Amino acid sequence: MVNDEKMREDGIWLYCSNSAVRRASRQLGQLYEDAMGDTGLKGTQFSLLSQIARSGEPTLKSLAEAMVMDLSALGHTLKPLIRDGLVELMPDAKDRRAKRVGLTETGIARQKELTARWQIAQDRFDKAFGKEKSEEMRRTLAFISSPEFAEAFNSDKKD
């Protein structure tokens, strides 16, 4: 019988990059969501609010690409934000078929409030992990999330 400590030490995440990243993502998600307190928002929703704030009024397509999400997952995540009056959809002025997403005044205020809570979690992460290692990890994960990495990953696929 394998003991629990040995199972933790010898998990699949020691051999599989995907499992390691997903496992770490779940742990960080829980820690950051705890830091958000009783705001009722998930980490993905805060990330969306922040990306929209940084992007101005992005199209749904460009927002989905930036977040590495498909449009249906983006729509699912945006629904409660729209319902709660934090985000609004509007037609693109140049291409009426495209939709843009923007923060409402309430959304801007909520994003600013949550950013203060996020900063506390971010500072705690940097302290626990090390500021330089933290910055390097984010650069590495940004590369892994990039279209260039996906292209390199898929470059040797046989059709």
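**Figure 1. The whole protein, from end to end.** Read along the sequence, the elements of this protein run α-α-α-α-α-β-β-α-α-α. The model is a predicted one. The protein has 8 helices and 2 strands. Its C-alpha trace spans about 60 × 50 × 35 Å along the principal axes. The protein has 159 residues, and 24% of them count as buried. Its exposed surface comes to about 11800 Å². Carbon and sulfur atoms supply 54% of that area. Now take the contacts between residues at least 6 apart in sequence: 50% of them join residues at least 24 apart.

**Figure 2. Helix 2, checked for length.** Helix 2 covers residues 17-36, which makes 20 residues. How far apart should its ends be? At 1.5 Å a residue, the helix should span 28 Å. Just after helix 2 comes G37, with a positive phi of about 70°.

Figure 3. Which residues of helix 2 are buried? They are Y32, A35 and M36. Seen down the helix axis, the buried residues fall within an arc of 90°, so they line one face of helix 2. Their cover includes helix 3 (43-55) and helix 6 (105-129). On the other side of helix 2, R22, R26 and D34 are exposed.

**Figure 4. A charge over the ring of W13.** Look next at R23 and W13. The charged end of R23 sits over the ring of W13. The distance from that charged end to the ring centre is 3.7 Å.

Figure 5. A pair of aromatic rings is described by the distance of the centres and the angle of the planes. In this protein, the count comes to 3 aromatic pairs. One of them joins F125 and F129. The pair is tilted, with 40° between the planes and 5.4 Å centre to centre. Both residues belong to helix 6. They are 4 residues apart there, so about one helical turn separates them. Is F125 buried or exposed? Buried means under 20% relative accessible area. F125 has 15% relative accessibility, so F125 counts as buried. F129 has a relative accessible area of 33% and is partly exposed.

**Figure 6**

**Figure 7. An aromatic pair in helix 8.** F149 and F153 form a tilted aromatic pair. The ring centres are 6.2 Å apart, with 35° between the planes. Both residues lie in helix 8, which covers residues 147-154. They are 4 residues apart, about one turn of the helix. Exposed means over 50%. F153 has 59% relative accessibility, so F153 counts as exposed.

Figure 8. Two of its members, F149 and F153, lie in helix 8.

Key: Residues are numbered from 1 along each chain as its sequence is written. This is a predicted model: local features need pLDDT of at least 70, side-chain atom pairs count only at pLDDT 80 or more; totals for chains, interfaces and linings use all residues. Side-chain values use heavy atoms; hydrogens and water are left out. The expected span of a helix is 1.5 Å times one less than its number of residues. Buried means under 20% relative accessible area, exposed over 50%, partly exposed in between (1.4 Å probe, protein chains only). The arc is that of the directions from the helix axis to the C-beta atoms. Contact means heavy atoms within 4.5 Å. Rings of Phe, Tyr and Trp (its six-membered ring) pair if their centres lie within 6.5 Å; planes under 30 degrees apart count as stacked, over 60 as edge-to-face and the rest as tilted. A charge sits over a ring if NZ of Lys or CZ of Arg is within 6 Å of the ring centre and within 35 degrees of the ring normal. Accessible areas come from the Shrake-Rupley method with a 1.4 Å probe; for residues, only the protein chains shown count as cover.
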